[in-house]
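Subject: Structure handover

Hello,

Here is the structure you asked about. My notes on it follow below.

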Amino acid sequence: MRIAVINGTEKKGVTFQLKEKFLEPFRDNAEIIEFYLPKDCHAFCAGCTTCFIKGENNCRNIEQIKPIRQTIENADLLVFTTPAYVMHATGAMKSLLDHMAFRWMPHRPHPAMFSKRAVIISQCLGAGAKQAAKDIKDSLSWWGISKIKIFTTRLLSDIIWDNLPQKKQRNITKKVRKLSIKFARINYKLPAHTKFKTKLKFYMCRMIQKSIRKKQANTLDCKYWTEQGWLAHKRPWKR
């Protein structure tokens with residue numbers, strides 16, 4: 001089993017502690033590859049649209065993006081973590097997701113995404129954890145992932161793990177481990193079930209691509225959909 005972990009910050013604070021506790025049941029039996037942002041991807045997306053027009057491998061930041069992208073594509077389970085910064089995901093996480101815009105369903109979604117599972121872990125002092133997690137979920141769902149579980153918590157008292165009351169530490173540890181055990185029991189040889197909502201998005205994008213093909217069949221996105229067989233009878237999901 002392979003797990004890809006994308007940490008939205010290099011800081012080893014509360015979010016890091018929650019992630020470590022989530023990964024505990026997997027340590028002995030899984031290959032875990034982690035990336036820490038912005039260290040492993042410090043370049044901002046310039047919005048140049050090169051990935052859409054010329055292809056993702058022509059991105060000016062390909063050396064930073066490609067290892068992360070390939071690890072995500074090859075993983076059985078994706079774990080994204082971010083503390084809430086001004087009520088949203090960290091800027092470094094947002095920049096990485098911006099670099100992956102070409103993988104959104106209207107463009108060139110990777111077939112493997114439709115079979116994957118993902119967990120998003122976020123926390124905040126007062127408010128913002130849910131919105132921060134949603135920032136990530138929006139991208140993952142448009143990549144084609146249906147099985148996405150969000151874990152959030154409000155600290156209320158302090159942002160330093162060791163300064164949190166013991167009762168608070170025990171409660172959030174218990175909750176994140178409960179989620180972890182649930183995901184550790186999954187048979188990852190079976191692809192995740194693709195939900196109706198995801199399929200509906202796919203068919204809407206398919207209609208758009210079929211319409212584009214009548215006018216501009218030479219676009220990179222249209223060629224991709226044609227090569228995948230999605231404009232004919234093939235579909236990216238397995239269940």
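Some notes below call a residue buried, which means under 20% relative accessible area, or exposed, which means over 50%, with partly exposed in between. The model is predicted.

Sheet

The strands make an open sheet of five, in the order β2-β1-β3-β4-β5, and the pairing is parallel. β2 and β5 are the edge strands; each has a single partner, so one side of each has no neighbour in the sheet. From one strand to the next the twist averages 15°. Between β1 and β2 there are six bridges in the parallel sense. Ala4, for instance, has Ile33 in β2 as its bridge partner.

α3 lies across β1, β2 and β3, and runs at about 140° to β1. α6 packs on the sheet and touches β3, β4 and β5, with its direction at about 175° to that of β5.

Helix α1

Eight of the ten residues of α1 are buried, so the helix is largely enclosed by the rest of the structure. The buried residues are Val14, Thr15, Phe16, Leu18, Lys19, Lys21, Phe22 and Leu23. Their cover includes the strands β1 (2-7), β2, β3 (77-83), β4 and β5, together with the helix α6.

Salt bridges

The structure holds eleven salt bridges. Three of them are described here.

The side chains of Lys19 and Glu34 form a salt bridge, at 2.7 Å from N to O. This pair links distant parts of the chain, since Lys19 is in helix α1 (residues 14-23) and Glu34 is in strand β2 (residues 31-36), 15 residues apart. Lys19 is buried, because its relative accessible area is 0%. Glu34 has 23% relative accessibility and therefore counts as partly exposed.

Arg108 takes part in the other two. Its side chain meets that of Glu56 in a salt bridge of 2.9 Å, N to O. Glu56 lies in the loop between α2 (50-53) and α3 (62-74), and Arg108 in the loop between α4 (91-99) and β4 (117-124), so this pair ties together parts that are 52 residues apart in sequence. Both Glu56 and Arg108 are buried.

The side chain of Arg108 also meets that of Asp221 in a salt bridge, at 2.8 Å from N to O. Here the partners are 113 residues apart: Arg108 in the loop between α4 and β4, and Asp221 in helix α8 (residues 220-228). Arg108 is buried, with a relative accessible area of 3%, and Asp221 counts as buried at 11% relative accessibility. Elsewhere, salt bridges with shared partners join Lys19, Glu20, Arg27 and Glu34 into one network.

Surface

Which residues form a nonpolar patch on the surface? They are Leu125, Ile159 and Ile160, and together they have about 240 Å² of accessible area. Ile160 lies in the loop between β5 (147-154) and α6 (166-184). Its relative accessibility is 38%, so Ile160 counts as partly exposed.

Regards

Definitions and conventions:
Residues numbered from 1 in each chain as written. Predicted model: local features only at pLDDT ≥ 70, side-chain atom pairs only at ≥ 80, totals over all residues. Heavy atoms only, no water. Patch = residues over 30% accessible without salt bridge, like charges linked within 9 Å, V, L, I, M, F, W, Y side chains within 5 Å. Areas by Shrake-Rupley, 256 points an atom, 1.4 Å probe, with all protein chains shown as cover. Salt bridge = Lys/Arg side-chain N within 4 Å of Asp/Glu carboxyl O. Helix = DSSP H or I, 4+ residues; strand = E, 2+ residues; numbered from the N terminus. Buried < 20%, exposed > 50% of the residue type's maximum accessible area, 1.4 Å probe, protein only. Contact = heavy atoms within 4.5 Å. Pairing = 2+ DSSP bridges. Axes fitted to C-alpha atoms, helices over the stretch in contact; angles between N-to-C directions.
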